Amino acid sequence: MAYPQGIQIVPSRILDDLRQLRTFGSIGQGVNRRSLTETDLASRLWLCERMREAGLEASIDGAGSVVGKTPHSRRILIGSHTDTVPDGGWLDGALGVIYGLEIARSLMESPGSGDTGIEVMSFIDEEGRFTPLMGSRVFCGEIREDEFAELRSAEGVNFSDVLSQANLSDKPIQRLDPGIHIAYLEAHIEQGPVLDNKQIRIGVVTGIVGASQYRIGFHGQKNHAGTTPMSLRYDAAKAMFEFVGRFTKYFNDNARANTTWTCNEVRTEPKAGNVIPNFAEFSIQYRDLSSEILAILDQGVEDICKEVATGNGVAFDKEKTVELVPMAMDEQLINRIHSAAIERGVSSHKMPSGAGHDAMVIGRYIPAGMLFIPSISGLSHDTEEDSHEEDIRIGAEVFARAVSNHIDHLDCFSRA
């Protein structure tokens, strides 16, 4: 076997690199590093240089993703993202990229005898300044270059224009090649409270939930709030609140223990306490590992909208704004991570991911697996997000062992 003791990483280098990366856009303990801002671009140039110092062939591609490759004929992809939400956390995404950098660096220091190496990627715009999971979708051919000009941020910035200003628009785009890229592994903070509450070191991700999100609007008639009898009102806000109540019961009757839903982005017009609202708009989102459950909830949205609109004498419209298909992780990679935790002598827990990750895109094309480490108090997408250094170190050791065990398996299989 090429790595009988596993790839020998140096955890202190991971912490050093994570801390250095945090300096790009730091806000207190957190980071504001939106995709393709000046700060983000500076961090990508820094990451590229760190990859080259590690002996990797490194570049920023024509979409803004950073890639570093070991000189092998086939490679395991290790990736995540280094962009953040506004005023976000320092480990969200960054952890997985720096784990990949350290594993590739350690492999280059002791290259072994096999022909399977590592390719590290920091995918552009996972957090969706322009569109969610953008880098992995470009990498897999789901977003074409001729579609770049159609992508705009909420503040009106055009993606193609930013690429041109950064001198990236003429760079080649990195593409997934299943003949070279034989598996994808991603490490991430949990972004939830399960591991921290249970005092478990490693989360072994079994799948990434799908999601449906709708924008729903009810349209009634505004009138005087004091003189209009209740039986003669066409109250859009009342319809909205009735929908939420009915959907709550429908959700409780049809969802599973791990299904989640959220109502947000509520808006009514006019904004006056003495006027019956003629318009009410909100968003509703739910997530589950089962496409069947998502379809049942979709049907509930349709049926309840119709019932509530009819019962209140109002009209409605709805638009599906998010549709993400659930993605199961590869069973062999699940077992690799679980076994690596056992070999390291630490606790692990098989669990779904309630958040989206690049693995849910790449897993449609090649085997994919994910590892979680605990988030203190379950906090994420917040400047207070953090993980204990010991969990960062142990997570890296388990992840490196899972990667090296998979490399050994692939190289042995290729020689058989």
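Mentor: Two strands are said to pair if DSSP finds at least two bridges between them. Helices (H or I, at least four residues) and strands (E, at least two) are DSSP runs numbered from the N terminus. The structure is a predicted model, in which local features need pLDDT of at least 70, side-chain atom pairs count only at pLDDT 80 or more, and totals for chains, interfaces and linings use all residues. Residues are numbered from 1 along each chain as its sequence is written, and side-chain values use heavy atoms, with hydrogens and water left out.

Trainee: What makes strand β4 (residues 66-69) and β6 a pair?

Mentor: DSSP finds 4 bridges between β4 and β6, in the antiparallel sense; the requirement is at least two, so the two strands pair. One of the positions involved is K69, whose bridge partner in β6 is E119.

Trainee: Which way does strand β5 (residues 74-80) run relative to β6, parallel or antiparallel?

Mentor: β5 and β6 run parallel, joined by 7 bridges. S80, for example, has S122 of β6 as its bridge partner.

Trainee: Why is β6 called mostly covered?

Mentor: Buried means under 20% relative accessible area, exposed over 50%, and partly exposed in between (1.4 Å probe, protein chains only). In β6, 7 of its 7 residues are buried. T116, I118, V120 and S122 point one way, while G117, E119 and M121 point the other way, and all are buried. In a regular strand the side chains alternate between the two faces of the sheet.

Trainee: What makes Y99 and F399 a tilted aromatic pair?

Mentor: Rings of Phe, Tyr and Trp (its six-membered ring) pair if their centres lie within 6.5 Å; planes under 30 degrees apart count as stacked, over 60 as edge-to-face and the rest as tilted. By this rule there are 15 aromatic pairs. For Y99 and F399 the centres are 6.0 Å apart and the planes stand at 40°, hence a tilted pair. Y99 belongs to helix α3 (residues 94-109) and F399 to helix α11 (residues 389-415), so the pair ties together parts 300 residues apart in sequence. Y99 and F399 are both buried.

Trainee: Why is the pair of F123 and Y184 also given the name tilted?

Mentor: The ring centres of F123 and Y184 lie 6.4 Å apart with the planes at 55°, so this pair is tilted. F123 sits in the loop between β6 (116-122) and α4 (134-139), and Y184 in strand β7 (residues 181-189), 61 residues apart. F123 is buried, at a relative accessible area of 0%, and Y184 is likewise buried at 0%. Elsewhere, ring pairs link F218, F243, F247, Y250, F251, W261, F282, Y286 and F316 into a cluster.

Trainee: What makes E145 and R175 a salt bridge?

Mentor: A salt bridge is a side-chain nitrogen of Lys or Arg within 4 Å of a carboxyl oxygen of Asp or Glu. The N to O distance for E145 and R175 is 3.4 Å, and the pair qualifies. E145 lies in the loop between α4 and α5 (159-165) and R175 in the loop between α5 and β7, so the contact ties together parts 30 residues apart in sequence. E145, at 44% relative accessibility, counts as partly exposed, as does R175 at 33%.

Trainee: How many salt bridges does the structure hold, and where do E281 and R267 lie?

Mentor: There are 36 salt bridges. The one between E281 and R267 has an N to O distance of 3.0 Å. E281 is in strand β11 (residues 279-288) and R267 in strand β10 (residues 260-269), 14 residues apart in sequence. E281 is buried at 15%, whereas R267 is partly exposed at 32%.

Trainee: Why are E102 and R105 described as about one helical turn apart?

Mentor: They are 3 residues apart in helix α3, which corresponds to about one helical turn. A network of salt bridges links R13, D17, R50, E53, E102, R105 and E109.

Trainee: Which residues touch the most other members of the largest nonpolar core?

Mentor: A nonpolar core is a set of buried Ala, Val, Leu, Ile, Met, Phe, Trp, Tyr and Cys residues joined through side-chain atoms within 4.5 Å. The largest has 95 residues, and I118 and V403 touch the most other members. Helix α11 gives the most to this core, with 10 residues. A second, separate core of 22 residues includes Y214, M240, V301 and I304.
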